[in-house]
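Me: Please take me through the helix packing, the strand pairing and the salt bridges here, one at a time.

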Amino acid sequence: MERYVKMVQRLTKSFTEFTIKQIPRSENKRADTLSKLASTCSDHLSKNVLVEVLKERSIDEERVNTLVAARDTWMTPLTEYLQHSILPDNHREARKIRIKAPSYALVNGELYRKGFTTPWLKCVDEARGKEALQEVYAGKTGAHEGHAP
């Protein structure tokens with residue numbers, strides 16, 4: 001609803017004058033029928049009530065993906081080591097990579113972390129992680145409930 005309010009606020013600026021009037025339900029048969037539709041089973045409704053299911057949103061949203069120049073992430077040293085056996089010059093960092101590397105695998109160029117009792121976990125950078133969280137919160141991924149004992 002918040003997006004609709006913002007859209008109305010944006011559109012009202014293009015008018016020199018506008019008013020909003022609340023029409024009582026008794027004077028608006030269509031709204032009254034619609035409210036009854038929401039609270040009762042469709043078998044009990046008059047055949048004059050038409051139900052329209054909207055398959056698309058009534059507000060168009062522009063989605064823009066920003067391209068960011070590729071830069072090193074926390075995965076870069078692991079990927080370079082697993083692909084080409086390249087280690088950082090710093091002895092301490094190189095040792096950390098050698099210790100961590102057996103827990104990771106490259107599959108089709110993607111880095112995955114192996115788990116003992118869990119499936120392989122796909123490694124992502126911070127930007128892709130934020131994008132994935134936004135998709136989850138927006139409901140695009142569906143439910144991911146695990147098995148309950």
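The questions and answers below take up these topics in turn.

This is a predicted model, in which local features need pLDDT of at least 70, side-chain atom pairs count only at pLDDT 80 or more, and totals for chains, interfaces and linings use all residues. Residues are numbered from 1 along each chain as its sequence is written, and side-chain values use heavy atoms, with hydrogens and water left out.

Me: Which residues make the contact of α3 with α4?
Reply: The axes of helix α3 (residues 76-84) and helix α4 (residues 91-100) come within 10 Å and cross at roughly 70 degrees, axes being lines fitted to C-alpha atoms over the stretch in contact, with angles from 0 to 180 degrees between N-to-C directions. Contact means heavy atoms within 4.5 Å, and the residues making it are Pro77, Leu78 and Tyr81 of α3 with Ile97, Arg98 and Lys100 of α4.

Me: Which residue in the turn between β1 and β2 has a positive phi?
Reply: Strand β1 (residues 104-107) and strand β2 (residues 110-113) run antiparallel and are joined by four bridges, where pairing requires that DSSP finds at least two bridges. The two strands form a hairpin with two residues between them, and the turn residue with a positive phi, about 55 degrees, is Asn108.

Me: Which side chain meets Lys6 in a salt bridge?
Reply: A salt bridge is a side-chain nitrogen of Lys or Arg within 4 Å of a carboxyl oxygen of Asp or Glu, and a search of the whole structure finds six. The N to O distance is 3.2 Å, and the partner is Glu2.
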